[in-house]
Amino acid sequence: MNLYHLTVHKAAEMLNRREIKAQEVLEAVSRRIDLVENKIKAFITLTLDQAEKKAKELDDRHEFTGLGGIPYGVQDNLCTLGVTTTCASKMLEGFIPPYDATAVGRLKAAGAVMVGKLNMDEFGMGHFTETSCFHPTNNPWDLTRVAGGSSGGAAAAVAAGEVYYALASDTGGSLRQSAAYCGVVGMRPTYGRVSRYGLVAVASSMDQVGPVTRNVTDCALVLNLICGYDGLDSNSLEAEVPDYRGYLETNLKGMRIGFPREYFENYVDESVRDAVKKALLKYEELGAVVEETGLPHSKYALPVFRLLASAEASSNMARFDGVRYGYRDEEAQDIAEMMSNSRGRGFGPEVKRNILLGTYVLSKEQYDTYYLRAMKVRRLIKEDFDRAFEKYDLLVAPTTATVAFPRGERNEDLSDLLTIPASLAGIPAMSIPGGMVDGLPVGLQLMGPRLAEGTLLKAAYAFEQAADYHLRTPVLEV
Amino acid sequence: MTEKYEAVIGLEVHVELKTNTKAFCGCGLSFGALPNSHVCPGCLGMPGAIPVLNRELVEFAIKTGLALNCKIAEFCRFDRKNYFYPDLPANYQISQLDLPIASAGYLEIESEGVKKKIGINRVHMEEDAGKLVHQGSIMTTPYSLVDLNRAGTPLLEIVSEPDIRSPREASMYMEKLRSILLFLRVSDCKMEEGSLRCDANVSVRPRGQERLGTRTEIKNLNSFRSLERALEYEIKRHIELLEEGGELVQETRTWDEDRQVTLSMRSKEEAQDYRYFPDPNLPPVIIDPEWVERVRKTLPELPDQARERLMSEYNLSSYDANLLTMSKDVLDFFDACVAEYNEPKLIANWVMGELTRLLNQNNMEIKDCRVTPSSLAAMLKLMEQGTISGKIAKVVFEEMFNTGDAPEKIVKDRGLVQISDESAIKAIVDEVIAANPKVVEDFKAGKEKALGFLVGQVMKASKGKANPEIVNRLLREELSRP
Amino acid sequence: MALTEKDVERLSVLARISLTEEEKKAFARQMSSILDSAAVLDELSTDRIEPLIYVLSKYNVMRDDKVRPSLANDEALANAPLKEDAMFKVPRLI
Ligand SMILES: [Zn+2]
């Protein structure tokens, strides 16, 4: 038996029963990384030495509860105490935070074993983990294809068995889109459900932390630990966190599911549409009522997102100036030149362009035309969802318009189109393996009203148990 | 010349609040601590940190708004003001743009017996920046050092309407504002330490003209004196330019304390664009009427009310009442002293006279001083009982100020008890008369002044302890003998 | 094109990002195209719509005025490119 291949819940059970040791689990993951990492390139930093120490400590104390002793990875835009956090940018090369992100701290306290920091698009700006200043990440299902982004490292590592699960982030769809391309489960919880403290901000009004896992049960287990109120995040929600395992059932009788027609238009590949329609049939079989519905303002979501996200990013990214940490141009003679050169050389083109765009959008003359208007249309998009959820318990749609495509054949506009609306509305959304097209996974996106993570998990679990796509794994051994 | 023109002045005041912690993180406030020792990921502008609003900042802001007769906003929010500066860790300042916490208020100043209201346009909450330390001159130093201890300190920006018409009024406005803030105990208001800062907007127009002249802004005003001087200078500069038919430039100028001039702060860049937008990290603040009323109930007596009380209850002059209400600490000292010894006028004289003189001499504040209201009251009682003379009292008081000892102890230890024994004084009087026949003759010839000399001699011989009333009486008796 | 190279240059001064000539050219083109695609928003009449500033309906999120531990000076300066006398060292202002 290959230990790396176990699910989180299975491994947790075995650790608890003393059938395996945390050090053995880590050893298996470590061997797996040795074997496949040079093909996948999911990591920026490996922390196997610290992980070994921690695993040994856990074995010595033998205290395994929840996710204790299980190796996981963290997207490199979540701050980790004493471990470099780079956001895949030259700007933050070598930056060692003096604090843990709240979500990371919670897993650490629960005994989870971090094995490394995962690759991403530079500061989350990009679509295919290609803007990383280190290297791109490859799709485990086909190494010539993209792993998605910004959370390509997280999704690929989970799919390839290099970690049991990963913590990632989602601003416009990052972790859902990457999960879809890599055939794993990715959940973006309700805005405010997981603390953003320690998540390097891009667009503060949309950034969220969420889990990437191999199955729905594991997703529920991670959510149990990372959700909940945090006094360090002013937008943290105080609502009580249920035990999400309680939602893992297969009877969907009476569940009302809508599928928004705007997510099935011609720009979505026919094969993807067919796969998702098949999934909808499956939902009917499972007892749900499935109906077509509309989210009429969906087509405005992409421009609205670009304007708002670039504006917020331009301000959030101002702190990277070479004064207190990060890359600094040592030659500059005065402070303005030092800041400009440090930022000019420390940031990659995607990041620079985004900051400049945001600077323009917020400038006095343009504010009303672009920023203010985008905030108004954001309300229309959110109200579309509000209306839909008066009638439906959840909405089902494709996560992405295509399956993962060969590197170079990219179409940026299409890659986040279907994930952005939920981000703008602040609602929970997840992607689960929903079918296969030419040996590549199709992502099925579930979107629910605020705090309906449980409903999403229930629908996701029922489909997963009925469909078995989650049991398929990419073949990497030659 | 100045009669022909009228100055129009508005002041923007920044006041550092003395909360326990910073505006948006849990770091304590510090003054003079080791650099960068009161900092955290938040106020260092590290990636991933999120601001969380300090409730006390809002409470202080509401309090200040109410004391300045403002309308308190039902809904206010925080905006980001974006600009790059190495002492601004996130390179944006959290501030309030179009929805400040308080607006449309006023405060009252009194100029030559005439009361005048100066409008308060707005009061808003924001955070302070850190400090830059230069080796030598800012112009020539090859590098600067950044200390972020002050970064994130809560500030209120208080903006007046352009209702001020003279440098004198400007400084009266500042004094009144300062005393209100001190009475509220929301700030230390030390201009020299930067906890109270002021920028002035000034323009000049011919009297009777409605339209405002071109305005300049003056920065770097670190004392009431420099505020007045800078305004005087700037108004004169405007008038001279107008008289010459010159063109004023709307610009920001800095006050050069050494040369006593304002200088243009030419920035090489084009006009700033702060790109304000609502901070998505900070949910809005909604202030319902109950909250306002709750805060209103905690408002202490304010300077104007205290002044009224001193004048009506104690019959103090408006001048005395003004001085005693400049600072809450001074007023509290006065009130406590009066509670123990009901001689308000006498106490007022001592507080504004000897006590203020010694405090200024030693560069101290009343709250750090060793003389307590009780010990001052005790000393005044010794005077009333005749144990010490007024002259000796000053000696005793200085000793109290320096040592903190009780007046009774000082009087006893240094043998300062007044001599009221007539026979003992008579002996000295006789000696003095015998030793100064020339002066005695002068007095008898009608030179009243000569008596003063003789009194002085007696006092000197008694080391100041002889009761001056008795000395006077005995001398007159002796000298009137044929 | 909505933005010229000059515009991009002006923005780069505001945003403190030094750019090469090629970058100015490329960014002007790319940013213009993004702004052009935002023109689709003109279809909507938004005059009477309140901007959505806050996704959540939270308000009055405040903490007590209690001191929490700060970082030690060496922790605060640990990532500093240059430091001196317990402070961050930067080139001169002007
Ligand atoms: Zn702090």
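**View 1. The area buried between chain A and chain C in this predicted model.** Putting the two chains together buries about 5000 Å², and carbon and sulfur atoms give 68% of that. On the chain A side, A:Arg353, A:Leu356 and A:Lys376 supply 13% of the area buried against chain C, more than any other three residues. Counted by contacts, 59 residues of chain A meet 48 residues of chain C.

**View 2. Salt bridges and polar contacts between chain A and chain C.** The rule picks up four salt bridges across this interface. One to zoom in on pairs C:Glu23 with A:Lys352, where the closest N and O atoms sit 2.6 Å apart.

**View 3. What chain A brings to the side that touches chain C.** Helix 9 (301-316), helix 10 (335-346), helix 11 (349-362), helix 12 (367-391) and helix 14 (420-425) each supply at least two residues. Helix 12 gives the most, with 10 residues. Sorted by class, this side of chain A has 29 nonpolar, 14 polar and 16 charged residues.

**View 4. A:Ser169 and its surroundings in chain A.** A:Ser169 counts as buried because its relative accessibility is 6%, and the cut-off for buried is under 20%. Its side chain makes a polar contact with the side chain of A:Asn77 at 3.0 Å. Skipping neighbours within four places in sequence, A:Ser169 is in contact with residues including A:Gln75, A:Asn77, A:Ser151, A:Leu199 and A:Val209.

Note on methods
Residues numbered from 1 in each chain as written. Chains lettered and ligands numbered in written order. Predicted model: local features only at pLDDT ≥ 70, side-chain atom pairs only at ≥ 80, totals over all residues. Heavy atoms only, no water. Contact = heavy atoms within 4.5 Å. Buried area = accessible area lost by both parts, 1.4 Å probe. Salt bridge = Lys/Arg side-chain N within 4 Å of Asp/Glu carboxyl O. Polar contact = N/O pair within 3.5 Å; in protein donor to acceptor, adjacent residues only side chain to side chain. Helix = DSSP H or I, 4+ residues; strand = E, 2+ residues; numbered from the N terminus. Nonpolar A, V, L, I, M, F, W, Y, C, P; charged D, E, K, R; others polar. Buried < 20%, exposed > 50% of the residue type's maximum accessible area, 1.4 Å probe, protein only.
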